[in-house]
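Me: Hey, I'm new to this one. Can you walk me through it?

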Amino acid sequence: MRIPSGGRRFRPWLGAFCGSIALALSGTPAFAHPGTAAAETIVCPSVADKLADIPAAAQAEVDRNLALLDKQLQEANDRLARSVGQGGPNFVRNAILGPLASKRGATIDRIAIAIGRTAQRPTGLDNLATCTLSSTPAPPPTDNGTTSPAPTPTSDTGTGTGAGAGQIVCPSVADNLPDIPAAAQAEVDRNLALLDKQLQEANDRLARSVGQGGPNFVRNTILGPLASKRGATIDRIAIAIGRTAQRPTGLDNLATCTLGNAGSAELSAADFVDIQQVPASEQPEPSETGSTGTFLSRCGTSSEDRSNNDNLITAPGVSNGAQALYDYVGNMSADALSTNESLADADTTCRNQADQSAYFWPTLRVLGADAAETDGDNAGTAVQPSSVRLEYRGNPTSEVTTPPQFLRMLAGDARAATNGGAEARPTWTCTGFTDRLTDKYPICPSGSDLVRVFDMPSCWDGENIDSADHRTHLAFPDEDGACPSGTEAVPQLRLTLTYDDVPNTEPEGTNVPFAVDSLASEANSPNTDHAGAIVVMSEQLMNKIVQCINSDTEC
């Protein structure tokens with residue numbers, strides 16, 4: 001979706017090293033790769049055909065995830081259509097196909113888990129996550145709708161917006177490298193060229209694979225392996241530089257690419273809801289063994305000089321890794337280059353100087369004719385919250401234990417629009433209605449202010465401060481508030497952001513009042529709202545927080 005009043009545009013760095021491939025996943029190819037005569041398409045292995053008998057109890061969940069695979073493919077085609085002509089030959093593989101393979105892998109895993117709850121869990125499905133590219137014209141649509149029509153060209157360049165086209169967008173590796181030592185230049189150049197070659201080989205295979213499998217064939221047999229190859233090549237670049245200079249970090253985050261969703265490329269009134277129409281959400285009642293105390297950390301509100309485009313949890317070491325503007329409170333050194341050591345040595349905006357934790361979330365922007373400022377792909381005037389409440393809370397069924405120093409916490413999914421929303425969490429509400437949370441932008445009544453509420457996961461695996469996906473070391477409690485088996489409850493952080501200067505005007509069509517910053521692929525969807533935190537506290541302060549919570553005291 002695109003933001004009105006300035007719209008979405010692709011970031012300049014994307015064109016420097018990434019390429020774009022125009023293709024139709026299961027339809028007539030509409031575009032040709034620069035320098036090739038044949039158009040390219042994406043073909044993926046079918047997942048449905050590889051499943052054994054599905055238990056009745058799992059059928060609905062399996063069907064939802066199979067439909068999500070189709071939706072992910074469609075969104076990738078849509079973004080591909082919008083990105084024709086951008087970047088070099090690696091653009092599509094890096095910015096669309098890699099992330100697509102990751103999304104596909106997660107969806108396939110949910111299918112296997114659903115079946116495994118009541119039957120033998122299928123194995124080997126992860127091999128279906130990768131897809132391939134082909135330059136052979138795709139077959140026409142079939143009666144069962146497994147192929148898509150070609151997109152309708154909207155310009156002389158063949159850029160299309162129809163349902164059958166998509167585009168892959170990848171982060172540039174070259175633009176994110178530090179100064180390259182002379183001794184490493186040749187090896188770095190060879191591997192940058194190899195990234196181009198890998199993309200070309202994937203395109204060639206895609207051309208040969210047209211018509212094979214179902215709509216998920218390409219994502220499962222080409223795109224996943226391509227992301228793995230890209231990761232290995234990027235690692236060799238880092239090693240080459242590290243032999244004679246400081247080895248760059250965070251480059252592995254550039255291995256994955258993302259797919260856009262052109263079909264719903266603009267925010268509209270459909271993305272908003274009257275908060276008074278949202279039903280109240282139920283909260284678990286604390287039991288006798290629960291912990292009901294709270295601890296409030298007062299760290300002020302964000303300001304323009306404490307905002308940046310980094311995400312130090314999901315993209316450490318990568319400047320502009322968030323591809324969106326983030327607001328911060330707490331630790332005053334938090335950015336892409338932060339380490340545990342630098343965070344521990346930094347000043348803090350928190351009143352209690354023993355709380356050096358980093359708390360952050362994507363910026364909110366007011367839209368409209370008078371709000372034409374832009375930051376990268378995000379349009380509108382950035383607004384900071386009028387109040388920020390940081391509250392550590394207990395667990396409804398048990399006492400909490402002390403979390404480790406430097407624990408990473410994430411709530412929500414920055415890529416929820418293209419990932420299908422499995423990790424998304426409703427965060428939007430209004431003052432006076434905070435028992436009503438929604439995953440749409442709320443329109444607040446007169447006298448009520450916009451609010452964002454982020455509850456962090458609070459069930460720790462007891463060992464790790466982070467994980468490869470930045471999620472599996474922490475889990476959310478279940479509906480009753482209990483932590484999953486094998487985890488222990490730690491204080492749950494709740495961030496509450498209130499905005500008293502955001503318009504509550506009713507949206508009309510694509511004329512909408514506000515939106516949150518997002519990656520270009522996510523088109524400012526309200527469902528992508530998220531927040532992060534890194535716990536940096538003295539042992540004395542953390543023990544006090546735990547004591548307050550477990551003694552049912554407000555501190």
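This is a predicted model: local features need pLDDT of at least 70, side-chain atom pairs count only at pLDDT 80 or more; totals for chains, interfaces and linings use all residues.

Me: How many disulfides does a search of the whole structure find?

Reply: Four, a disulfide being a pair of cysteine sulfur atoms within 2.5 Å. Among them, Cys459 and Cys483 are joined with S to S at 2.1 Å, and that link is left-handed, with -80° about the S-S bond.

Me: And where do Cys459 and Cys483 sit?

Reply: Cys459 is in strand 21 and Cys483 in the loop between strand 22 and strand 23, 24 residues apart. Strands here are DSSP runs (E, at least two residues), numbered from the N terminus.

Me: OK, what's the strand order in that open sheet?

Reply: It runs 22-21-23, with antiparallel pairing; two strands pair if DSSP finds at least two bridges between them. Strands 22 (474–475) and 23 (488–489) each have a single partner strand, so one side of each is left without a neighbour in the sheet. Trp460 has Leu474 in strand 22 as its bridge partner.

Me: New topic: is Asn524 buried or exposed?

Reply: Buried, at 1% relative accessible area (buried is under 20%, exposed over 50%, partly exposed in between, with a 1.4 Å probe and protein chains only). Asn524 lies in the loop between strand 25 (514–516) and strand 26 (530–534).

Terms used. Residues are numbered from 1 along each chain as its sequence is written. Side-chain values use heavy atoms; hydrogens and water are left out. Helices (H or I, at least four residues) and strands (E, at least two) are DSSP runs, numbered from the N terminus.
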